[in-house]
Structures are given as structure tokens and as C-alpha cells.
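Please view the sequence and the structure first, and then follow the points below topic by topic.

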Amino acid sequence: MSRSLRVGSIAAIAALAIASLSACSAGNTAETLEIKPDNASATIGTDLLMNNIVVVTGDESSGEHTGPANVTVNISNTGALPAELQSIAVGNANAALADAAGAPLTGIVIPANGAVAIGGAGNPSARVPSVTVSVGGFVTTTFTFKNGQSVQAEASVSPNKGLYKGFGPTASPAAVPTKAASPATAGTATTPAPATGAATAPATGAATTPAAGATTPAGAATATGAATPAAGTH
């Protein structure tokens, strides 16, 4: 082989090697695979994979968080049968499962040869009412399925910022105080005041005294029952 041919072959091999390395580099990045870096994953058997496991707190950038938190995870099922996730625990605190509309769920079904994303708008949710975690650290998270299988992973703890903005827990609506019932609606009877100018009935047996200057009609009975003579009678 001539010197020029050998040089050309070496150059071609080098170019192919560089192209292959570039392709591998592009194909294995987190952006290409749509996998967020440094997130935990776990498997059960050969069918169930839990990927991108993150516990999302409030807006704290660092430090200890005590309060509600959400779990976000992608679960894929390559098996021929559906699998049902029954519970998620963060540390010793159990998460409440709910559908995309917020209705409580007893389990989340991962269809055969399918996948389910938990967390984020339009997806089922897993909310822990209260847990103490270190933002920026890790916490043991346990996934338990209906068939009794379970797996643990050290999930990263992220604030409700950046990539996970909108994945954190939202505040529960404040309760509306009950309006106190008024006396009228409570059933308490009220005595109406007498109308202005209304006559007040005399007590039983009480004598009625004519108003000053009033003339007693002839023959009218007095309080003692005696007849009053007519005017001019002797």
C-alpha cells in the first residue's frame, strides 16, 4: 500500500471514530434521553421501572422543610399485565393518591406496555400531608404495589423552583366560617311592642275611672253598681 493510501485510511478511521463519539455523546445526554440528572430510579423485576423520583417541597432554596410535599415519578411497565401502585411513602409519611382532578384514589394503574407520570399538571398526584426533609438532600421513598412487591429509592429533595416549578404542593383552601344564626332564624319568639295609641286592656276586676271632665251617661252604672240620677231629677 502506498504511503498516500495509508495516510488516507488513517484519516478516514479517525473521522469515523470522532463521529461515533459525537453521536454517543449526543445520544446519552439527559436532554436527549429526557432524563433529569441526579434523580433516583428503581426497578421491580424486569417489568417495572420507576424513574426520575423526586420529592418536591415548597419554595425554600435550602435547609430543613417540615410540611406538605409532593412525589413526582415516571413509572413504566413493560410486562404483559397491568400493575397497580397502592402506596408511596416518604420516610414514614404516607402519600395520599389522587387523580388529575384531585379525587382520592386507592391505587394508580400502570397499563401493560404503558407508562404513567405522577406529579405535574394533568397527571395523578401523590401528596404527603407533612414530612421533615432537607431541601437539596435525599430521603428514602418506598413504592408498594398491589401484588405485595415494594421497592425503595433515595429520592432527591427539590424546592418548587426551576425544573420542578409547579410540581410542589399547593395550599389547601381556607375553610369558610359558619355564619351565626340570628334570633329570628333560631326559633326564638319575640313579643311585638303594642302599636302607638292602642288601648291597654284593664286588669280583671279593676275599676275604670272616667277621664277628667268626661260626662257619665244617664243611668250608667258606677263602679259600685248604683245608678246615677238624670240631670234635673228631684
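Ala 117 is in contact (heavy atoms within 4.5 Å) with Val 73, Asn 74, Asn 123 and Pro 124, when its neighbours within four places in sequence are left aside. This is a predicted model, in which local features need pLDDT of at least 70 and side-chain atom pairs count only at pLDDT 80 or more, while totals for chains, interfaces and linings use all residues. Residues are numbered from 1 along each chain as its sequence is written, and side-chain values use heavy atoms, with hydrogens and water left out.

**Ala 117**

- Ala 117 belongs to strand S8, which covers residues 114–118; helices (H or I, at least four residues) and strands (E, at least two) are DSSP runs, numbered from the N terminus.
- Because its relative accessibility is 29%, Ala 117 counts as partly exposed; buried means under 20% relative accessible area, exposed over 50%, and partly exposed in between, with a 1.4 Å probe and protein chains only.
- Between Ala 117 and Val 73 there are 6.0 Å in space, C-alpha to C-alpha, although the two are 44 residues apart in sequence.

**Overall organisation**

- Two helices and eleven strands make up the secondary structure elements of the chain.
- Along the sequence, these elements follow the pattern α-α-β-β-β-β-β-β-β-β-β-β-β.
- The chain has 234 residues, of which 27% count as buried.
- Of the contacts in the chain with a separation of 6 or more, 63% are between residues 24 or more positions apart.

**Nonpolar core**

- The largest nonpolar core has 33 residues, and Met 50, Ile 88, Ile 118, Phe 143 and Phe 145 touch the most other members; such a core is a set of buried Ala, Val, Leu, Ile, Met, Phe, Trp, Tyr and Cys residues joined through side-chain atoms within 4.5 Å.
- Not counting residues up to four places away in sequence, Ile 88 touches several residues, including Val 71, Leu 97, Ile 118, Thr 142 and Phe 143.

**Thr 142**

- Thr 142 is part of strand S10, residues 138–145, and it is buried because its relative accessible area is 15%.
- The side chains of Thr 142 and Gln 152 make a polar contact of 3.2 Å; this term denotes a pair of N or O atoms within 3.5 Å, where within protein one must be able to donate a hydrogen and the other to accept it, and residues adjacent in sequence count only if both atoms are side-chain atoms.
- Beyond its neighbours within four places in sequence, Thr 142 is in contact with Ser 87, Ile 88, Ala 89, Ser 150, Val 151 and Gln 152.

- Asn 39 occupies the loop between helix H2 (30–33) and strand S1 (40–44), and it is buried because its relative accessible area is 17%.
- The side chain of Asn 39 has a polar contact of 2.9 Å with that of Tyr 164 and one of 3.5 Å with that of Ser 156.
- With neighbours within four places in sequence left aside, the residues in contact with Asn 39 are Asn 52, Ile 53, Val 54, Ser 156 and Tyr 164.
- Asn 52 lies in strand S2, residues 48–56, and has a positive phi of about 55 degrees although it is not a glycine.
- The relative accessible area of Asn 52 is 7%, so this residue is buried.
- Asn 113, in the loop between strand S7 (108–110) and S8, also has a positive phi, near 55 degrees, in a residue other than glycine.
- Asn 113 counts as exposed because its relative accessibility is 62%.

**Pockets**

- The largest pocket holds about 350 Å³ of space. On a 1 Å grid over the protein atoms alone, a pocket is an open set of points where a 1.4 Å probe fits, with protein on both sides within 12 Å along at least five of seven lines, and lining residues have an atom within 4 Å of a point. Grid points are joined across faces, edges and corners, and the volume is the space filled by probe spheres set on the points.
- Its lining has 21 residues, and Asn 70, Ala 98, Ser 125, Arg 127 and Thr 170 lie nearest the centre.
- Strand S6 (96–98) and strand S9 (125–135) are the elements that give two or more residues to this lining, and S6 gives the most, with three residues.
- The second largest pocket holds about 170 Å³ of space.
- Among the 13 residues that line the second largest pocket, Asp 47, Leu 48, Ala 83, Asn 147 and Gln 149 lie nearest its centre.
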